[in-house]
Amino acid sequence: MTRHALIALAFAVLAATPALAGPATDRYALNIAVVQNGVQVVSAQTQIAEDAPTSASVVVGDENFQFEASLFSVQGDGDGAQMAVQAHISSGTDEIAAPMMTFLRGEEARIEVGRADGNLLRMTITPIN
(Lines give C-alpha, C1' and ligand atoms only; values in the text may rest on other atoms or scores of the structure.)
Protein backbone atom coordinates (compact mmCIF):
# COMPACT_ATOMS: atom_id res chain seq x y z
CA MET A 1 0.00 0.00 0.00
CA THR A 2 1.13 3.49 -0.68
CA ARG A 3 1.53 6.04 2.05
CA HIS A 4 -1.57 7.94 0.86
CA ALA A 5 -3.63 4.75 0.93
CA LEU A 6 -2.49 4.00 4.49
CA ILE A 7 -3.39 7.52 5.62
CA ALA A 8 -6.81 7.25 3.96
CA LEU A 9 -7.37 3.88 5.65
CA ALA A 10 -6.38 5.32 9.05
CA PHE A 11 -8.86 8.19 8.65
CA ALA A 12 -11.61 5.75 7.60
CA VAL A 13 -11.00 3.61 10.71
CA LEU A 14 -11.05 6.66 12.97
CA ALA A 15 -14.27 7.94 11.43
CA ALA A 16 -15.94 4.54 11.88
CA THR A 17 -14.90 4.18 15.53
CA PRO A 18 -17.78 5.48 17.72
CA ALA A 19 -15.58 6.28 20.72
CA LEU A 20 -13.39 8.51 18.60
CA ALA A 21 -15.79 9.73 15.96
CA GLY A 22 -18.12 11.94 17.94
CA PRO A 23 -19.52 13.01 21.28
CA ALA A 24 -20.63 10.64 23.99
CA THR A 25 -24.19 9.38 24.03
CA ASP A 26 -27.14 11.68 23.46
CA ARG A 27 -29.67 9.15 24.81
CA TYR A 28 -30.31 8.62 28.51
CA ALA A 29 -32.53 6.47 30.69
CA LEU A 30 -34.78 8.67 32.83
CA ASN A 31 -35.92 7.06 36.07
CA ILE A 32 -38.46 8.81 38.25
CA ALA A 33 -39.29 7.68 41.76
CA VAL A 34 -41.23 8.64 44.87
CA VAL A 35 -39.43 7.94 48.15
CA GLN A 36 -41.28 7.88 51.49
CA ASN A 37 -39.32 7.68 54.74
CA GLY A 38 -36.21 6.60 52.85
CA VAL A 39 -37.99 3.79 50.98
CA GLN A 40 -38.68 3.96 47.25
CA VAL A 41 -42.39 3.21 46.91
CA VAL A 42 -42.87 3.59 43.16
CA SER A 43 -40.80 4.29 40.08
CA ALA A 44 -41.08 4.48 36.31
CA GLN A 45 -38.49 4.58 33.56
CA THR A 46 -38.43 6.07 30.09
CA GLN A 47 -35.81 7.37 27.69
CA ILE A 48 -34.82 10.95 27.01
CA ALA A 49 -32.78 12.12 24.05
CA GLU A 50 -31.00 15.39 23.45
CA ASP A 51 -33.40 18.06 22.14
CA ALA A 52 -36.41 15.73 22.50
CA PRO A 53 -38.62 16.29 25.57
CA THR A 54 -40.16 13.37 27.42
CA SER A 55 -42.69 12.81 30.14
CA ALA A 56 -43.68 10.13 32.63
CA SER A 57 -45.95 9.78 35.61
CA VAL A 58 -46.25 7.71 38.75
CA VAL A 59 -49.19 7.19 41.09
CA VAL A 60 -48.86 6.96 44.86
CA GLY A 61 -52.16 6.32 46.61
CA ASP A 62 -54.59 8.82 45.11
CA GLU A 63 -51.88 11.25 43.93
CA ASN A 64 -50.55 11.31 40.36
CA PHE A 65 -47.09 12.87 39.90
CA GLN A 66 -46.20 14.07 36.39
CA PHE A 67 -42.59 14.58 35.33
CA GLU A 68 -41.70 16.44 32.14
CA ALA A 69 -38.08 16.90 31.15
CA SER A 70 -35.99 18.35 28.33
CA LEU A 71 -32.34 17.56 27.71
CA PHE A 72 -30.01 19.82 25.76
CA SER A 73 -26.31 20.61 25.36
CA VAL A 74 -24.80 23.67 27.00
CA GLN A 75 -22.61 25.86 24.83
CA GLY A 76 -19.43 27.34 26.26
CA ASP A 77 -16.11 25.99 27.45
CA GLY A 78 -15.75 22.42 26.28
CA ASP A 79 -18.36 22.99 23.51
CA GLY A 80 -20.93 20.30 24.14
CA ALA A 81 -19.16 18.62 27.05
CA GLN A 82 -21.97 19.72 29.35
CA MET A 83 -25.64 18.82 29.24
CA ALA A 84 -28.56 20.47 30.99
CA VAL A 85 -31.85 18.99 32.05
CA GLN A 86 -34.90 21.16 32.72
CA ALA A 87 -37.70 19.39 34.56
CA HIS A 88 -41.25 20.25 35.57
CA ILE A 89 -42.74 18.18 38.35
CA SER A 90 -46.43 18.52 39.14
CA SER A 91 -49.34 16.83 40.81
CA GLY A 92 -52.71 17.50 39.27
CA THR A 93 -52.78 21.23 38.55
CA ASP A 94 -50.18 22.06 41.23
CA GLU A 95 -46.61 22.61 40.05
CA ILE A 96 -44.28 21.16 42.68
CA ALA A 97 -40.91 22.22 41.25
CA ALA A 98 -39.11 23.21 38.05
CA PRO A 99 -35.47 22.28 38.69
CA MET A 100 -32.69 22.74 36.15
CA MET A 101 -29.27 21.13 36.41
CA THR A 102 -26.13 20.88 34.31
CA PHE A 103 -23.91 17.80 34.22
CA LEU A 104 -21.13 16.31 32.10
CA ARG A 105 -22.19 14.55 28.90
CA GLY A 106 -22.10 10.78 29.37
CA GLU A 107 -22.33 10.98 33.17
CA GLU A 108 -25.20 10.21 35.56
CA ALA A 109 -27.21 13.04 37.10
CA ARG A 110 -29.82 13.15 39.87
CA ILE A 111 -32.38 15.71 40.94
CA GLU A 112 -34.22 15.32 44.25
CA VAL A 113 -37.08 17.49 45.45
CA GLY A 114 -38.48 17.17 48.98
CA ARG A 115 -42.09 17.93 49.82
CA ALA A 116 -43.68 19.11 53.06
CA ASP A 117 -45.67 15.85 53.27
CA GLY A 118 -42.41 13.89 53.53
CA ASN A 119 -42.35 12.55 49.97
CA LEU A 120 -39.05 12.85 48.13
CA LEU A 121 -39.31 13.00 44.34
CA ARG A 122 -36.19 11.70 42.59
CA MET A 123 -35.27 11.92 38.92
CA THR A 124 -32.14 10.07 37.77
CA ILE A 125 -30.60 10.35 34.31
CA THR A 126 -28.21 7.59 33.22
CA PRO A 127 -26.44 7.40 29.84
CA ILE A 128 -27.39 4.61 27.46
CA ASN A 129 -24.33 3.25 25.70
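**Close-up views of a predicted model**

**View 1. The aromatic pair Tyr28–Phe103.** Tyr28 and Phe103 are both buried (under 20% relative accessible area; exposed is over 50%, partly exposed in between; 1.4 Å probe, protein chains only). This is a predicted model, in which local features need pLDDT of at least 70 and side-chain atom pairs count only at pLDDT 80 or more, while totals for chains, interfaces and linings use all residues. Residues are numbered from 1 along each chain as its sequence is written, and side-chain values use heavy atoms, with hydrogens and water left out. A search of the whole structure finds one aromatic pair (ring centres of Phe, Tyr or the six-membered ring of Trp within 6.5 Å; planes under 30 degrees apart are stacked, over 60 edge-to-face, the rest tilted). Tyr28 and Phe103 form this edge-to-face pair, 5.9 Å centre to centre with 90 degrees between the planes. Tyr28 lies in strand β1 (residues 27-36) and Phe103 in strand β7 (residues 100-104), so the pair ties together parts 75 residues apart in sequence. Strands here are DSSP E runs of at least two residues, helices H or I runs of at least four, numbered from the N terminus.

**View 2. The largest nonpolar core.** The core has 24 residues (buried Ala, Val, Leu, Ile, Met, Phe, Trp, Tyr and Cys joined through side-chain atoms within 4.5 Å). Phe67, Val85, Phe103 and Met123 touch the most other members. At least two core residues come from each of β1, β3 (54-60), β4 (63-74), β5 (82-91), β8 (109-114) and β9 (119-127). Leaving aside residues up to four places away in sequence, Phe67 touches Ile32, Thr54, Ser55, Ala56, Val58, His88, Ile89, Leu121 and Met123 (contact: heavy atoms within 4.5 Å).

**View 3. Thr124 in strand β9.** Thr124 counts as buried because its relative accessibility is 9%. Its contacts, not counting residues up to four places away in sequence, are Ala29, Leu30, Asn31, Glu108, Ala109 and Arg110.

**View 4. The hairpin of β5 and β6.** β5 and β6 (residues 94-97) run antiparallel, joined by three bridges (strands pair if DSSP finds at least two bridges between them). Ile89 has Ala97 in β6 as its bridge partner. Two residues lie between the strands, and Gly92 takes a positive phi near 65 degrees.

**View 5. The protein chain as context.** The chain has two helices and nine strands. Along the sequence, the pattern is α-α-β-β-β-β-β-β-β-β-β. Of its 129 residues, 30% are buried.
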